[in-house]
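Work through these exercises with the model open beside you. Try each task before you read its solution.

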Amino acid sequence: MAGASGYAGGELLRLLLAHPGVEIGALTGNSNAGQPLGALQPHLLPLAGRVLEPTTAEVLAGHDVVFLALPHGQSAAVAAQLGDEVLVVDMGADFRLADPAAWERFYGSPHAGTWPYGLPELPGARAALEGSRRVAVPGCYPTAVTLALLPAYAHGLAEPEAVVVAASGTSGAGKAPKTHLLGSEVMGSMSPYGVGGGHRHTPEMAQNLGAAAGEPVTVSFTPTLAPMARGILATCSAKARPGTTAQDLRAAYEKAYADEPFVHLLPEGRWPATASVHGSNAVHVQVAYDPAADRVIAVSAIDNLTKGTAGGAVQSMNIALGLPEETGLSTIGIAP
Ligand SMILES: NC(=O)C1=CN([C@@H]2O[C@H](COP(=O)(O)OP(=O)(O)OC[C@H]3O[C@@H](n4cnc5c(N)ncnc54)[C@H](OP(=O)(O)O)[C@@H]3O)[C@@H](O)[C@H]2O)C=CC1
Ligand SMILES: CC(=O)N[C@@H](CCC(=O)OP(=O)(O)O)C(=O)O
């Protein structure tokens, strides 16, 4: 796997170590090439002595599956050299968006292409992933937001203008040092960023929800940084379609998620919490109808590194390879 020194790579390796069908091959880094993994990911004891190699096609050749956990824009060049028969699972953003104009507007570089999208819970996604040799793993916020609102849009219960405020743990920003992630800036404080439609996950949410609704959906998205290492809590709302009732919403969500192995609709009256999904591939979802505002309110909690990245990647790998989808993944969290 490429990007083994990062947060997403570390979480992927944690999951792969417990996957019965996987043997871990070459591990690569960039500035940390030559370092033992134990110096960078001390929680991955069985791999502590493995030395990171440079991220080159030669090092990554000869594997059945290659995971890329690299910064945006770095995956395409590597993937192009890996051959069509290798399953390449990109945990970065490069191949998530279908609209080149949206990519260029939010990422500021030429669009590399579009791969089957690794959110199996979306209608039609499993069929596209089965047997695929390329997978684009969704962004962490789009995973949380899409699964919060999907049943409301798929059942025509909400107007196509969603408002989302989501809080993320700091690991979502990766390991590279950033001033706004200094402990003294984050501890005991919450703050928004990317306000006013600027966050690059906005078009990905609109893409997913628009596909569910069968019409364009606009998303007003405000991310916030929360003083915790892991977790996303997404609070989403949209004006209810005329005639929508609380019972309609409940029925739509029950129907949508009854057979989903990782999406858990909480019993009525209980609301998602990030601690409940810590380290697990579960998504906790709840929905309510606010009669005074005539709005659908949906809340989801995920672990940004698990279902939001590495767990989603393993789930999609399992489907692509024809393995049982839940292999190596757990819905059991760590609490408190
Ligand atoms: N953190 C999260 O919650 C999520 C992350 N992702 C995506 O996963 C990817 C990795 O993110 P994350 O692990 O958080 O980031 P980190 O900053 O923690 O890790 C980045 C990794 O990429 C390597 N790297 C950096 N620059 C290059 C380069 N030019 N060529 C090759 N390798 C390079 C780094 O190697 P080294 O350390 O050796 O320099 C490191 O292994 C990103 O695309 C991110 O968007 C997706 C969803 C959620
Ligand atoms: C807290 C925080 O900074 N989160 C990151 C989301 C990271 C992620 O998962 O997104 P990509 O895979 O698209 O990079 C952010 O808002 O940029």
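Two residues are in contact if their C-beta atoms, placed from the backbone, lie within 7 Å. This is a predicted model, in which local features need pLDDT of at least 70, side-chain atom pairs count only at pLDDT 80 or more, and totals for chains, interfaces and linings use all residues. Residues are numbered from 1 along each chain as its sequence is written, and chains are lettered from A and ligands numbered from 1 in the order in which they are written.

**Exercise 1. Ala-213**

Task: Find the helix that holds Ala-213, decide whether Ala-213 is buried or exposed, and list its contacts beyond four places in sequence.

Solution: 
- Step 1. Helices (H or I, at least four residues) and strands (E, at least two) are DSSP runs, numbered from the N terminus. Ala-213 sits in helix H9, residues 202-213.
- Step 2. A residue is buried if 20 or more other C-beta atoms lie within 10 Å of its own, exposed if 12 or fewer, and partly exposed in between; the C-beta atoms are placed from the backbone. Ala-213 has 22 other C-beta atoms within 10 Å, so it is buried.
- Step 3. Set aside the neighbours within four places in sequence. Ala-213 is then in contact with Tyr-153 and Pro-160.
- Step 4. Leu-157 is 56 residues from Ala-213 in sequence, and their C-alpha atoms are 9.3 Å apart.

**Exercise 2. Cys-140**

Task: Say which feature UniProt places at Cys-140, and describe the surroundings of Cys-140.

Solution: 
- Step 1. Read the record. The unreviewed UniProt entry places the feature "active site" at Cys-140. UniProt positions are given in the numbering used here, feature names are shortened, and annotations may be inferred rather than shown by experiment.
- Step 2. Locate the residue. Cys-140 is in helix H7.
- Step 3. Count neighbours. Cys-140 is buried because it has 27 C-beta neighbours inside 10 Å.
- Step 4. List contacts, skipping residues up to four places away. Cys-140 touches Gly-172, Ile-232, Asn-304, Gly-308 and Thr-309.

**Exercise 3. Two ligand shells**

Task: Describe the residues around ligand 2, then those around ligand 1.

Solution: 
- Step 1. A residue is near a molecule or strand if its C-beta atom, placed from the backbone, lies within 6 Å of it. Around ligand 2 are Gly-92, Ala-93, Gly-139, Cys-140, Ser-168, Gly-172, Ala-173, Pro-223 and Leu-225.
- Step 2. Sort by class. Ala, Val, Leu, Ile, Met, Phe, Trp, Tyr, Cys and Pro count as nonpolar, Asp, Glu, Lys and Arg as charged, and the others, Gly among them, as polar. The ligand 2 shell has 5 nonpolar, 4 polar and no charged residues.
- Step 3. Turn to ligand 1. It has 31 residues around it, and Gly-6, Gly-29, Asn-32, Gly-92 and Gly-174 come nearest. This shell divides into 11 nonpolar, 19 polar and 1 charged.
- Step 4. Ask which helix gives the most. H1 does, with 3 residues.

**Exercise 4. Backbone exceptions**

Solution: 
- Step 1. Recall the rule. Most residues other than glycine have a negative phi, and most peptide bonds are trans.
- Step 2. Asp-294 lies in the loop between strand S11 (283-290) and strand S12 (295-302).
- Step 3. Pro-336 is in the segment after H11.
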